[in-house]
Amino acid sequence: MSPRVATEDLLDAQGVADVLGLSHRNTVFQYLRRYEDMPKPVVDLGEGRVKLWLRPQIERWAARLAAQGRTRPKRAGGHRLPS
């Protein structure tokens with residue numbers, strides 16, 4: 001049996017970008033390839049289709065990055081990047 005998920009906790013790539021302070025949702029997919037510890041989508045319908053993440057997982061990951069000092073100062077575009 002699959003775990004129950006509160007639909008309000010589901011984020012698409014734009015929602016993940018918003019939580020991480022990124023300017024573009026496409027950067028989320030670059031992060032997936034670059035950072036092994038980034039949470040994987042809980043729903044992945046395949047290439048070019050919907051991917052959804054759980055907000056609590058993304059928020060915990062972002063907090064871990066900050067606690068480890070794995071963020072850079074905000075750039076001109078207003079987003080923060082893990083180092």
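## A pair of leucines in the sheet

Let's start with two residues: L10 stands opposite L54 in β3. Their strands, β1 and β3 (residues 51-54), pair in the antiparallel sense over two bridges, where pairing asks for at least two DSSP bridges between strands. This is a predicted model, in which local features need pLDDT of at least 70 and side-chain atom pairs count only at pLDDT 80 or more, while totals for chains, interfaces and linings use all residues. Residues are numbered from 1 along each chain as its sequence is written, and side-chain values use heavy atoms, with hydrogens and water left out.

Strands of a sheet pair through backbone hydrogen bonds, either parallel or antiparallel. Here, three strands form an open antiparallel sheet in the order β1-β3-β2. β1 (10-11) and β2 (43-44) stand at the edges with a single partner strand each, so one side of each has no neighbour in the sheet.

## The whole chain

Stepping back, the protein chain has three helices and three strands, and along the sequence they follow the pattern β-α-α-β-β-α. Helices (H or I, at least four residues) and strands (E, at least two) are DSSP runs, numbered from the N terminus.

Of the 83 residues of the protein chain, 31% count as buried, meaning under 20% relative accessible area with a 1.4 Å probe, protein chains only. Among contacts (heavy atoms within 4.5 Å) with a separation of 6 or more, 45% join residues 24 or more positions apart.

## Where α1 meets α2

Helix α1 (residues 13-20) packs with helix α2 (residues 26-34) at an angle of about 80°, their axes 8 Å apart. Axes are lines fitted to C-alpha atoms, for helices over the stretch in contact, and angles run from 0 to 180 degrees between N-to-C directions. That makes α1 roughly perpendicular to α2, a label for 65 to 115 degrees.

A13, V16, A17 and L20 in α1 meet V28, F29 and Y31 in α2. This contact has seven nonpolar residues, with no polar and no charged ones; Ala, Val, Leu, Ile, Met, Phe, Trp, Tyr, Cys and Pro count as nonpolar, Asp, Glu, Lys and Arg as charged, and the others, Gly among them, as polar.

The axes of α1 and α3 (residues 55-67) come within 10 Å and cross at roughly 30°. That makes α1 roughly parallel to α3, the label for angles under 35 degrees.

V16, V19 and L20 in α1 meet R55, I58, E59, W61 and A62 in α3. By class, this contact has six nonpolar, no polar and two charged residues. α3 also lies across β1 and β3, running at about 65° to β3.

Technical notes: Parallel < 35°, antiparallel > 145°, perpendicular 65-115°, else oblique. Buried < 20%, exposed > 50% of the residue type's maximum accessible area, 1.4 Å probe, protein only.
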